[in-house]
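Here is a friendly walk through one protein chain, from its overall layout to a few residues worth a look. Keep the viewer open as you read.

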Amino acid sequence: MSVFTSLLNHDFTQTRPARVSDGQGGWTVSFAAEGTIRGRLRPASTEERTVAAQEQRRLSHVFYCEADEDVQRGDRLAEDGITVEVLGIREPSRARHHLECDCWETQIEGEP
């Protein structure tokens with residue numbers, strides 16, 4: 001087990017948005033379960049939040065996972081009462097080592 005892999009300390013439930021016909025010519029968006037992803041979630045630093053705000057982006061957390069995970073912009077990741085929406089994905093090493101995902105914490109209606 002690599003040092004990086006040992007830092008991935010939680011299993012996150014992954015859901016992905018899917019358009020569903022409303023039967024009247026329009027669409028609604030629902031989230032369908034995709035499975036679980038082993039990863040790590042950390043709060044964004046004050047500096048990261050400030051830079052994001054200057055670029056007119058939102059950022060509350062950064063999610064880390066293995067590079068071969070199927071994570072996409074718009075996915076929701078949930079674990080231990082926290083749900084985040086993936087806003088952007090980076091592969092910082094360009095070596096297919098790991099992904100860093102910029103996320104925004106969200107509360108889902110019906111959750112405590």
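This is a predicted model: local features need pLDDT of at least 70, side-chain atom pairs count only at pLDDT 80 or more; totals for chains, interfaces and linings use all residues.

Two strands count as paired if DSSP finds at least two bridges between them.

**The overall layout**

Stepping back, the chain contains 2 helices and 6 strands. Read from the N terminus, their order is α-β-β-α-β-β-β-β. The C-alpha trace spans about 50 × 35 × 30 Å along its principal axes. The chain has 112 residues, and 29% of them count as buried. Its accessible surface comes to about 7,300 Å², with 47% of that belonging to carbon and sulfur atoms. If you take contacts between residues at least 6 apart in sequence, 50% of them join residues at least 24 apart.

**The strands around strand 5**

Strand 5 (residues 82–90) also pairs with strand 4 (residues 76–79), again antiparallel, through 4 bridges. Within this pairing, L77 stands opposite V84 of strand 5. The two strands make a hairpin with 2 residues between them, and D80 in the turn has a positive phi of about 50°.

| Strand pair | Bridges |
|---|---|
| Strand 4 and strand 5 | 4 bridges |

**The nonpolar cores**

Nonpolar side chains tend to be buried together in soluble globular proteins. Which residues make up the largest nonpolar core here? There are 11 in all: F12, I37, F63, C65, V71, L77, V84, V86, L99, C101 and C103. Strand 3, strand 5 and strand 6 each supply at least two residues of this core, and strand 6 gives the most, with 3 residues. Another core, of 7 residues, lies apart from it and includes L8, A52, V62 and Y64.

Leaving out residues up to four places away in sequence, F63 touches F12, I37, G39, R40, L41, L77, L99, E100, C101 and C103.

**The cysteines**

How many disulfides does the structure hold? The count is 0. C65 is in no disulfide, and the nearest cysteine sulfur, that of C101, is 4.9 Å away.

**A buried aspartate**

D75 sits in the loop between strand 3 (61–66) and strand 4. Is D75 buried or exposed? With a relative accessible area of 0%, D75 is under the 20% limit and therefore counts as buried. Its side chain makes a polar contact of 2.7 Å with the side chain of Q14, and another polar contact, of 2.8 Å, joins the side chains of D75 and R16. Beyond residues up to four places away in sequence, D75 touches Q14, T15, R16, P17, D70, V84, E85 and V86. V84 and V86 from that list are also members of the 11-residue core.

Note on methods
Residues are numbered from 1 along each chain as its sequence is written. Side-chain values use heavy atoms; hydrogens and water are left out. Buried means under 20% relative accessible area, exposed over 50%, partly exposed in between (1.4 Å probe, protein chains only). A polar contact is a pair of N or O atoms within 3.5 Å; within protein, one must be able to donate a hydrogen and the other to accept it, and residues adjacent in sequence count only if both atoms are side-chain atoms. Contact means heavy atoms within 4.5 Å. A nonpolar core is a set of buried Ala, Val, Leu, Ile, Met, Phe, Trp, Tyr and Cys residues joined through side-chain atoms within 4.5 Å. A disulfide is a pair of cysteine sulfur atoms within 2.5 Å. Accessible areas come from the Shrake-Rupley method with a 1.4 Å probe; for residues, only the protein chains shown count as cover.
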